[in-house]
Amino acid sequence: MGSLGNRIKNLREKKCISQKDFAKQIGVSSTVLSRYESDDRKPDYDTLQSIAD
């Protein structure tokens, strides 16, 4: 199983959603999403819930 960042990125790419659009959907900047995907930063509980939804 990959890291959380890799899982977020793979699921986003599988749905053919750009990083910018996905960031807008979950309420963060594209820079923050990029940091999640590279495992430089971990999402808080509410953001993680938005990603799961």
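Me: Hi! Among contacts in the chain between residues at least 6 apart in sequence, how many percent join residues at least 24 apart?
Reply: The share is 41%, where contact means heavy atoms within 4.5 Å. Keep in mind that this is a predicted model, where local features need pLDDT of at least 70, side-chain atom pairs count only at pLDDT 80 or more, and totals for chains, interfaces and linings use all residues. Residues are numbered from 1 along each chain as its sequence is written, and side-chain values use heavy atoms, leaving out hydrogens and water.

Me: Okay, how many helices and strands does the chain have?
Reply: There are 4 helices and 0 strands, so the pattern along the sequence reads α-α-α-α. Both kinds are DSSP runs numbered from the N terminus: helices are H or I with at least four residues, strands are E with at least two.

Me: And why is it called as compact as a globular protein of that length?
Reply: Because its radius of gyration is 10 Å, close to the 10 Å that the globule rule gives for 53 residues. That radius is taken over C-alpha atoms, and the rule is 2.2 Å times the number of residues to the power 0.38.

Me: What box do the C-alpha atoms fill?
Reply: Roughly 25 × 25 × 20 Å, taken along the principal axes.

Me: New topic: how much of the chain counts as buried?
Reply: Of its 53 residues, 26% do. Buried means under 20% relative accessible area, exposed is over 50%, and partly exposed lies in between (1.4 Å probe, protein chains only).

Me: Which residues of helix H3 are buried?
Reply: In H3, which spans residues 30-37, they are Val32, Leu33, Tyr36 and Glu37. They cover an arc of only 140° around the axis, so they sit on the same side of H3. The arc is that of the directions from the helix axis to the C-beta atoms.

Me: What covers those buried residues of H3?
Reply: The cover includes H1, H2 and H4.

Me: What happens just after H3?
Reply: Asp39 takes a positive phi there, of about 60°.

Me: Now Arg12. Where is its place, and is it buried or exposed?
Reply: Arg12 belongs to helix H1. It counts as buried because its relative accessibility is 9%.

Me: Which residues does Arg12 touch?
Reply: Leaving aside residues up to four places away in sequence, Arg12 touches Ile17, Ser18, Gln19, Phe22, Leu33 and Glu37.
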